[in-house]
Amino acid sequence: MALSECPKCAIHIIRHPDWKEGMVVECPECGAKLVVSSLEPLELEEAQE
Ligand SMILES: [Zn+2]
């Protein structure tokens with residue numbers, strides 16, 4: 001499943017082909033920094049500042 005939810009605003013986020021485990025990505029909706037904790041299935045965690 002290449003789809004996950006933003007832990008902050010709960011929108012669905014589709015995995016970008018360039019994403020790698022451990023990368024920090026930005027939620028397109030709320031701008032939260034999210035860590036890609038797993039790629040398959042896609043899991044996103046809120047990044048710690
Ligand atoms: Zn969000």
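**Around the sheet**

Mentor: The S labels are strands, meaning DSSP runs of E with at least two residues, numbered from the N terminus; helices are runs of H or I with at least four residues. Residues are numbered from 1 along each chain as its sequence is written. Keep in mind that this is a predicted model: local features need pLDDT of at least 70, side-chain atom pairs count only at pLDDT 80 or more, and totals for chains, interfaces and linings use all residues.

Trainee: OK. What kind of peptide bond joins Glu-40 and Pro-41?

Mentor: A cis one, with omega at about 5°. That's worth a look because most peptide bonds are trans.

Trainee: How many residues sit in the hairpin that joins S4 to S5?

Mentor: The link there is 2 residues. S4 and S5 (residues 42-46) run antiparallel, and 5 bridges join them. Two strands count as paired if DSSP finds at least two bridges between them. If you want to trace the pairing, Leu-39 stands opposite Leu-42 in S5, and Val-35 has Glu-45 in S5 as its bridge partner.

Trainee: And on the S3 side, how many bridges pair S3 with S4?

Mentor: There are 3, again in the antiparallel sense, between S3 (residues 24-26) and S4 (residues 33-39). Look for Val-25 opposite Leu-34 and Glu-26 opposite Lys-33. S3 and S4 also make a hairpin, with 6 residues between them, and Gly-31 in that turn has a positive phi of about 80°.

Trainee: So what order do the strands come in across the open sheet?

Mentor: The order is S3-S4-S5, so 3 strands, with antiparallel pairing. S3 and S5 stand at the edges with a single partner strand each, so one side of each has no neighbour in the sheet. Neighbouring strands in this sheet are turned by 45° against each other on average, direction ignored; that angle uses axes, lines fitted to C-alpha atoms (for helices over the stretch in contact), and angles run from 0 to 180 degrees between N-to-C directions.

Trainee: Let me zoom out. How many helices and strands does the protein have?

Mentor: 0 helices and 5 strands. Along the sequence, the pattern reads β-β-β-β-β. The C-alpha trace spans about 20 × 20 × 15 Å along its principal axes.

Trainee: What share of the residues is buried?

Mentor: 10% of the 49 residues. Buried means 20 or more other C-beta atoms lie within 10 Å of the residue's own, exposed means 12 or fewer, and partly exposed is in between; the C-beta atoms are placed from the backbone.

Trainee: Which residues does Glu-21 contact, leaving aside its neighbours within four places in sequence?

Mentor: Val-36, Ser-38 and Leu-39. Contact here means that the C-beta atoms of two residues, placed from the backbone, lie within 7 Å.
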